[in-house]
Amino acid sequence: MSNKYLTDIVSKPNMAEYKESIISEINTSKRPFVHYPPSARGDMNAYKYVAFKEGVERPVTAFEYFDSPREGSEQEEFNKNIPAINQHIKDLGLLEEGRDYVWLTTKDINDVKKCVDKTHHYQEYDNNTYDRDIRRKAMEFYKDKIKKDPYVIEYLKAKTIEEVKKREKCLTILNINRRAKSEVWEPRNERHGTYMEAFKGIMDIIRSINKAKKLKMHDICFVGGKLTPEEVTYWQKFCREAKTNFFDLTDAMDKPNSLNRTQQRCVHVALAENYKSTIYFGHQSGVNEDANILPRTNVFSLSEYLHLGQIGISRVEARSQLDPEYQNEVGLGGAYSVFGNFYSLRNCEFLTSEGVLAAIQLKLDMFKNNHISLDEAWDDILGRYAWESEVPYIPKKELDKSEPYILFCGKYYYKRSIEIPHDYAVKKLLNRIFASAEVDERNFWDNIKDEEAKRAYIEAADLLVRRKLKNQKGFTTQTIIWLTKIIEQLFERHDRPATETVRHESPLTVHKRRLEAQNAGRVVYTLGGNQIKHRAIKDTSWSDFWNLVDNQPE
């Protein structure tokens, strides 16, 4: 095994015996055989919960890797995910190699497929955390580790997280998703990086709702990527003014803590257990996919809105958004929980400016490697306008390089002297994005018949220009109103009794109102047949789901 990412993970057994053994296990035990590709790193957050399935329900998983891929190839990039996938397996510590999973090359997996009755898709297990038995067993597992794992116990003590006798408050968890900057612009690396201004806007809304309802402010907890010292200072001040508690758990992986993924989740469980309810926010990422397993928690996955078909959203929307308490004889949820639900919120204002640009670029062509960065695109637009408008340029010998400047067609311009019109900037920015993606802009617009889709692209570019020209960091008034209606619904009693003005609502009707509020002004994502099959609610279409809701007795 020459691949440096796999040397310590993938053994090189007698492959003929290895394959024969696993084929025998599958055919003898009648357990499902699952092919798991190396591209699905983030999906392990939910998939690993197959460990809590028992007997013939627990699949035998073949984790695929590429043997000695060409340097710089896509296959080599996928192999870089293998350590993270392996870390999920080892951190949980419940799956056994040879019995529950194997590491196989593409060729060897294809050999196994020929010898088993059926190969299952790993996405069939996306809804693991909605299985009531899995949730129960997972919580027992986490709570046992909370009591016995010395590293978890020590970390909880350091953070003064102790079991409360009576739950009196609510909690908001904010997951930070940050990746190291790459030397070359890479849209996939930038698309869903955390935009801290969005989290500030969300918490301002929650604070306003609590104040209006005369409720105690939610405690605030950060998990995931590290907070900067400036961010720590901001949130400490915010919490002091709001008279609430601040938990920074973003140091869990740092020494001397060095908590692994499972230990970190134990800490999250221990914290959430102390609250009446928890709202969890995170930019669209695999790390959010099992967050709904936390006690009394609803999850909001944040992503852009670019009409339909945005990269990865089909996987998010295909997840069960409602948590069934049980299923009736026809496979439909017989009752639904107020907690444990997973919702998708789509709005470009949730993203960093780089993330918005990356989202547009990936929608145009996700495989191009010559997309332009935002700084490069903006400088090009400013320079072109200055040149076309004959803005006075600065001779090179007089240039003060301590001031921001651009070079265009051999001429230097100070950025402060370029007063570019807003509409011009939006148009030229889109021109530049399309050109770098090598997509014919005229043909692209001609082929889009839905005016809503066109508007989504233009509004995304308009947002980028507003941030550049007006330094508009926070939410617009329109987004604040939209998001306030969504979050306010989580403050309502799930089974609120009938009053003179509000009749009693069934849980499904409550969820219908939630989804309608979340999708207001947006095209509802249409699920394909394969995605519907993987949902816990086995409805055949959104319209059938709404009929189910509307026909349910109140």
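Which residues have the most contacts inside the largest nonpolar core? They are Ile202, Phe222, Phe281 and Leu483, in a core of 79 residues. This is a predicted model, where local features need pLDDT of at least 70 and side-chain atom pairs count only at pLDDT 80 or more, while totals for chains, interfaces and linings use all residues. Residues are numbered from 1 along each chain as its sequence is written, and side-chain values use heavy atoms, leaving out hydrogens and water.

**Overall picture**
- The protein has 21 helices and 14 strands (DSSP runs of H or I with at least four residues, and of E with at least two, numbered from the N terminus).
- Of its 554 residues, 54% are buried, meaning under 20% relative accessible area with a 1.4 Å probe, protein chains only.

**Nonpolar cores**
- A nonpolar core is a set of buried Ala, Val, Leu, Ile, Met, Phe, Trp, Tyr and Cys residues joined through side-chain atoms within 4.5 Å.
- Leu483 touches Ile202, Ile205, Leu345, Phe350 and Phe475, leaving aside residues up to four places away in sequence (contact means heavy atoms within 4.5 Å).
- A second, separate core has 55 residues, including Tyr47 and Phe141.

**The sheet**
- Six strands form an open, parallel sheet in the order S7-S6-S5-S8-S9-S12; two strands pair if DSSP finds at least two bridges between them.
- S7 (246-248) and S12 (342-346) are at the edges with a single partner strand each, so one side of each has no neighbour in the sheet.
- Strand S6 (residues 219-224) is joined to S7 by 3 bridges, and Cys221 stands opposite Phe247 in S7.

Terms used: Buried < 20%, exposed > 50% of the residue type's maximum accessible area, 1.4 Å probe, protein only.
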